[in-house]
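The report below concerns a predicted model. Please look at the sequence and structure first, and then read on.

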Amino acid sequence: MSVIRSAVTGVGSYLPEQVVTNADLAEFVDTSDEWIIERTGIRQRHRARDDEPTSDLASEAARRALAAAGRTAADVDMIIVATTTPDMTFPATASIVQRKIGAPVCIAFDVQAVCSGFVYALSVADGFVARGLSKCALVIGAEEMTRLMDWTDRTTCVLFGDGAGAVVVEPREGQGTSADQGLLGFALRADGTKTDLLYVDGGPSSTGTVGHLRMAGNQVFRHAVVNIAEAITAACAASGITVPEVDWFVPHQANQRIIKGVGDRLGLDEDKVISTVALHANTSAASIPLALDAAIQDGRIKRGDLVLLEAMGGGLTWGACAFRL
């Protein structure tokens, strides 16, 4: 039976020019390169300029994804930006991206699920594209997490960086099997009783300030490994696949120890795991498309490969997705 799938037809990413190494941080934070690497696997991160808002990063990633898909901004009929660091409280960063890339009047909105935002946004795009409501959707994860850092808190400020990644999602005809090109299945979760484990202590209706990121790292780590593994199993079941069939695992790049813990729990071959956390740090909703693009650019992930995505962030939110490129 013929079905319409939502397929990823182009991937692009963008990182700000400034690179901040662990040694750079050690000049004004009570930390060291050895301490950061041992606990997180992070060696450096990128930081946006003061005059470079999230929409700038998102727009450049979008342009590159469109070029990879052989499309232009004129083809776009939907833009979804996953971000926890929007340019403004409103309008949506997606609307600003629409203007900056020169897209026509279309659907444009933001999704806020913190680090899980890209997986959530991808599922939303799937709902539009697979139902024929969009023919060329841009799904973007873009963050400037360094704006939220308390630079006196060495347990969090060393973990995050800035960047953006984007994918173009278009309809493709399939047979309704796991051999189809396209998004195959999702598992999305949230547990609002855990909001105090990872949050920003500010907001328009609470403090009237932007606030700083706060995290109970050990508890987040414990929840991450267990919850992510469950969501991955559920997403695979929804996709009609098993974990051993997966060609590539592209996890949220939060911490190398979490990436390894999830991989070990699922029995994944380490050679199948894409890790860019050493170079990018945690870029929240941008981390998955950044890592996906890096692995496509260096030739590891190829057209036809079966790819598994996962993320967990504040909320707590988490989720997983399987797709064939």
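## The pairing of S1 and S7

Ala-7 stands opposite Glu-170, a residue of S7. The two strands concerned, S1 and S7 (residues 162–174), run antiparallel and are joined by eleven bridges.

## The sheet as a whole

This pairing belongs to an open sheet of five strands, in which the order is S1-S7-S6-S4-S5 and the pairing is mixed. Strand S1 (3–14) and strand S5 (107–111) each have a single partner strand and stand at the edges, so one side of each is left without a neighbour in the sheet. From one strand to the next, the twist averages 20°.

## Helices packed on the sheet

Helix H3 (residues 54–69) packs on the sheet, where it touches S1, S7 and strand S6 (137–144), and its direction makes about 120° with that of S1. Helix H5 also packs on the sheet, touching S1, strand S4 (78–82), S5, S6 and S7, while its direction makes about 165° with that of S4.

## Ser-123 in helix H5

Helix H5, which spans residues 117–130, contains Ser-123. Is this residue, Ser-123, buried or exposed? Its relative accessibility is 18%, and because buried means under 20%, Ser-123 counts as buried.

Leaving aside residues up to four places away in sequence, Ser-123 touches Phe-186 and Leu-188.

Conventions. Residues are numbered from 1 along each chain as its sequence is written. This is a predicted model: local features need pLDDT of at least 70, side-chain atom pairs count only at pLDDT 80 or more; totals for chains, interfaces and linings use all residues. Side-chain values use heavy atoms; hydrogens and water are left out. Helices (H or I, at least four residues) and strands (E, at least two) are DSSP runs, numbered from the N terminus. Buried means under 20% relative accessible area, exposed over 50%, partly exposed in between (1.4 Å probe, protein chains only). Contact means heavy atoms within 4.5 Å. Two strands pair if DSSP finds at least two bridges between them. Axes are lines fitted to C-alpha atoms, for helices over the stretch in contact, and angles run from 0 to 180 degrees between N-to-C directions.
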